[in-house]
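This briefing goes through a structure by topic. Please look at the sequence and the model before reading on.

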Protein chains: 2
Amino acid sequence: MTEIEYCTTRKIRKVDIDEYEDISRIINAAGNKARIAILEIISEYEEVCTCELQPALGMPQPTITTHLSKMYDVGLLKKKQVWRFSYYYINPKYRELVNTILKDRKKEKETS
Amino acid sequence: MTEIEYCTTRKIRKVDIDEYEDISRIINAAGNKARIAILEIISEYEEVCTCELQPALGMPQPTITTHLSKMYDVGLLKKKQVWRFSYYYINPKYRELVNTILKDRKKEKETS
DNA sequence: GGGTCATATTTAGGGATTACGATATGATAA
DNA sequence: TTATCATATCGTAATCCCTAAATATGACCC
């Protein structure tokens, strides 16, 4: 016998963890309270610029830019330049994911 | 004038970031490639024990237990004791969220 | 009791993350 | 071209995370 035997109840298929790398980066970028707050605002207003988020979140501009960049870098957000503003919006590819997260938060709030 | 004025294009509603604390813990617990792999297996087999995951993931038991605990602690997973096994399953409350994550991963895979 | 199997905890180090002040870039307006 | 506004980057300290070896617990069987 060459392979180690574990509990022999069932044979579970083997998985390659690296196949979950890309999606984990997306989910990870969403796994922060400030960033979920940002996602909620963006999904409410369609697209927002950094300066609009400052009074809404009550945090300094570099902090907001860092959060936006993190979500932009993994592809969760997209960006467009209008006049002197950078407008961020949710990558349509992940709109359903974001909606599910935001919906779950509201469920959470009701049941507490 | 007492309040700082930012770009005056729109007035965005203020949000309380702490209201996103609970959901961010859930999302954060899911934001790791090993844990998403675990979620996929669990959602495929309904419920799995730690020892079944060892050969499937190819990682040592303490690492797997740590990942499972992290998801259990925030409420993403639930646990039941059967004989000498701990069976973990997805909290029904978050099944839709998990499905959306796994579905997005498959979409990802197709378009690459 | 003693042995075994499944699981959990402890611990550690290397790395990543968060927040944010200071500073830099870059576009626009005067 | 100089000032201003919006945004981005840098630097850094505090904190948290990932992995996994060593160890402990705890249920079950003899």
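Buried area is the accessible area, taken with a 1.4 Å probe, that two parts lose on being put together, summed over both. Between chain A and chain B about 5,400 Å² is buried, and carbon and sulfur atoms give 59% of this area. The model is a predicted one, in which local features need pLDDT of at least 70 and side-chain atom pairs count only at pLDDT 80 or more, while totals for chains, interfaces and linings use all residues. Residues are numbered from 1 along each chain as its sequence is written, chains are lettered from A and ligands numbered from 1 in the order in which they are written, and side-chain values use heavy atoms, with hydrogens and water left out.

**Chain A and chain B**

- In chain A, 55 residues are in contact (heavy atoms within 4.5 Å) with 54 residues of chain B.
- The interface of the two chains holds 14 salt bridges, each a side-chain nitrogen of Lys or Arg within 4 Å of a carboxyl oxygen of Asp or Glu.
- One of these joins B:Lys33 to A:Glu21, with the closest N and O atoms 3.3 Å apart.
- On the side of chain A that touches chain B, at least two residues each come from α1 (21–30), α2 (33–45), β1 (48–49), α3, β3 and α5 (95–110) of chain A. Helices (H or I, at least four residues) and strands (E, at least two) are DSSP runs, numbered from the N terminus.
- α5(A) gives the largest share of that side, 10 residues.
- By class, that side of chain A has 26 nonpolar, eight polar and 21 charged residues. Nonpolar here means Ala, Val, Leu, Ile, Met, Phe, Trp, Tyr, Cys and Pro; charged means Asp, Glu, Lys and Arg; the others, Gly among them, are polar.

**Surroundings of DNA strand D**

- DNA strand D is surrounded by 21 residues, where near means that a heavy atom of the residue lies within 4 Å of the strand. The closest are A:Cys51, A:Gln61, A:Arg84, B:Cys7 and B:His67.
- Of the atoms of DNA strand D that come within 4 Å of the protein, 67% belong to sugar and phosphate.
- A polar backbone atom of A:Cys51 is 2.6 Å from a phosphate oxygen of DNA strand D.
- A side-chain N or O atom of A:Arg84 lies 3.1 Å from a sugar or linking oxygen of DNA strand D.
- The largest share of the surface near DNA strand D comes from α4(B), with five residues.
- This surface near DNA strand D is made up of nine nonpolar, eight polar and four charged residues.

Key
Polar contact = N/O pair within 3.5 Å; in protein donor to acceptor, adjacent residues only side chain to side chain.
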